[in-house]
Amino acid sequence: MKIYEAKDIRNVAVAGHASKGKTTLTEAMLYIAGATERMGKVADGNTVTDYDSEEKKRTLSTSSAVAPVEYNSKKINFIDTPGLFDFAEGAAEGLRAAETAIIVVSARSGLAVGAEKAFKNAGSRRMARIIAASKMDDERADFYKSFNGMVAKFGTMVCPIVVPVISDGKVAAYYSMIDDTTYSYQGTNVAFVDAVPDDVPRFEAIKEVFNEAVAGTDEELMEKYFGGEELTREDKIKGLKIGVKDGSIIPVFALSGATGEACDLLLDFIAEICPSPEAEYAISNDEPVELSADANGPLAAVCFKTVADPFIGKLSFFKVVSGKITPSTVPYNANTGKEEKLGKIVNMFGAKQLDASEITAGDIGAVVKLSGFGTGDTMCSASKVVKLDGVATPNPTYAMAVNAVKKGDEEKIANGLSRLSEEDPSLKFYTNHETHQQIIKGLGEQQLDVVAARLKAKFAVDVSLSVPKVAYRETITMKVSAQGRHKKQSGGHGQFGDVFIEFEPFDCEKLEFAERVVGGAVPKNFFPAVEKGLNECMDRGVLAGYPMVGVKATLFDGSYHPVDSSEMSFKMAAAIAFKEGISKAMPIILEPVSTVKALCNDEVMGDIIGDINKRRGRVLGMTPAGDGMQEILAEVPDAEMTTFSTAMRQITQGRGSFEAEFARYERCPEHIAQKIIAESNQN
């Protein structure tokens, strides 16, 4: 593939709701552009962009994939992104690398939540947006109903470009507003036809919508159109370029990815009208600097995707904003402050690596075995350090414990999950030292299922997932005194230690030790042994074996033997006093409570509050967040948060999100505490 200038490059992310035809549409455009010899099918597992074994097995995209084509003297880098919310990291990666987003909508079922979110996310990045109303080959498809839904949601900036010509209740052809021409299709084979729509007034009205939208982008066009003149093709192209770039026009295309009908018209539009990579801002010396898409400019490239494979090594995908990456480049990581060694430069076509001589400004490519770069890092030169915006990685909220099926595999699990977390930054892996569990945190159940499958396939480690244990704690609620006496005689020197200790609740993280011994009842040199004995006991409470907190222990009396007393004797005596005293001090179980900020749409706010209440949560307040959303502030026990991520997604239909942060420990209700103690006794 030849080297293209930035003005002839188009970077296009294909986004939207799950199972609405994104990969199928991408496959059709690759075939029409001549990049493939046949159109693959998702169900058959032979598409270019769904190449991973898990994607083939599940028949859905789990990560973003790049596939470049050469079409009409332009290079178009398609980035097929996942639609399932569990794999939102892939969608974020695609949007970071592109200037245009194609939002795929089913003409049968209309707008879905995933399409709305993709539309909003692309808009927040000021990207050009196109809506592709796919599945027009389905007899239940209703383009005009879907189009009206788009207008109702997004307003009058929605503009029809290619619409179906309905004749005798069926799609007879497709009409292009730009060319003022009607096309009929047999698969991807196209012919010019004269087809008369069933509803001529509606057809004329939608043409009027297009003309007014295009004319409204430019004063000269507006004067011409409202002066009664017809807009020429050149006029339409001019108006569309302005409107698509500034976001005042959202083009809508009726097509079918499965058959390829009208997909050529979308390809033509991308090549002719969609914006090429231009200037982007970066930070240099804490100041914003503008970088133009100039191959001769200073190097600035963002790593928007990482693949960690034990066989092929690490693969880092870059979008070059300025300058170019060549074999002589000495890559400097602006995020870590380190220079790295450059590996081989390649263009990626799905899973295939195609050797490349360089990745120039505006283009997308990959570097093999560039170990020091992660997703979101900026590559530049050490002499001109700049930092670009990274990837908007979603916040992981769904946690599961990872259990080794085979004993002794824990280290392999840690290594494998650390590598997979490099590949997907929305995964967080850590060890909970209180519960002694390995925890993986992500965006949802399916994502973690895929992680477990990839662990087995890539790193030969078999694991099971379970609900994580809650890190409960224990404390006391009243002041008591207790004696601990340790006496043992077994010939020769014996063991003797005797202590009186006062235990009381205290505001401290673990144990607060004090002494008020008078008269040398316990020699000072044994005080540290008493404290050590108590601290060791604090690691395991008397109710359910959870760590103790908030205890003050005051040594106030005791006795010793000049020969038989030792540090070990007093340590044992302290442990005896601890067990007796803590048992009498009305011990209780404490549970961790988190502050939860839940963002939801107005109409389901009551349902979310009801769900929080069912989880023993307390709602502290609600705040309007704009765009029909509300932020709910609440406190919820961690033990009740396991399924909250799933519930939020179900109740809000994927529109909602939440963040949880540890707040404090609180007394556990008695009926819950009894269950915890019973479970502990069983174990």
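**Entry 1: helix 1**

I began with helix 1 and found Lys22, Thr23, Leu25, Thr26, Glu27, Ala28, Met29 and Leu30 buried. Buried means under 20% relative accessible area, exposed means over 50%, and partly exposed lies in between, with a 1.4 Å probe and protein chains only. Helix 1 covers residues 22–32, and eight of its 11 residues are buried, so I noted the helix as mostly covered. Helices here are DSSP runs of H or I with at least four residues, strands are runs of E with at least two, and both are numbered from the N terminus. After helix 1 comes Gly34, and I read a positive phi for Gly34, near 85 degrees.

**Entry 2: a note on the model**

I reminded myself that this is a predicted model, where local features need pLDDT of at least 70, side-chain atom pairs count only at pLDDT 80 or more, and totals for chains, interfaces and linings use all residues. Residues are numbered from 1 along each chain as its sequence is written, and side-chain values use heavy atoms, with hydrogens and water left out.

**Entry 3: salt bridges**

Next I looked up salt bridges, meaning a side-chain nitrogen of Lys or Arg within 4 Å of a carboxyl oxygen of Asp or Glu. By this rule I get a count of 40.

I picked Lys57 and Glu54, a salt bridge with its closest N and O atoms 3.4 Å apart. Both residues sit in helix 2 (residues 53–58), three residues apart, which puts about one helical turn between them. An α-helix has 3.6 residues a turn, so residues three or four places apart point the same way. Lys57 counts as exposed at 57% relative accessibility, whereas Glu54 counts as buried at 7%.

**Entry 4: links across the chain**

Then I turned to Arg96 and Glu280, whose side chains meet in a salt bridge at 2.6 Å, N to O. This pair links distant parts of the chain, 184 residues apart: Arg96 is in helix 3 (residues 88–97) and Glu280 in strand 11 (residues 280–284). I found Arg96 buried at 2% relative accessibility, and Glu280 buried at 18%.

Arg233 and Asp179 also meet in a salt bridge, at 2.9 Å from N to O. Arg233 lies in helix 8 (residues 233–246) and Asp179 in the loop between strand 7 (170–176) and strand 8 (181–186), so the pair ties together parts that are 54 residues apart in sequence. Arg233 is partly exposed at 35% relative accessible area, and Asp179 counts as partly exposed at 26% relative accessibility.

**Entry 5: a network**

Which residues are linked in a network of salt bridges? I noted Arg618, Glu635, Arg664 and Glu666.
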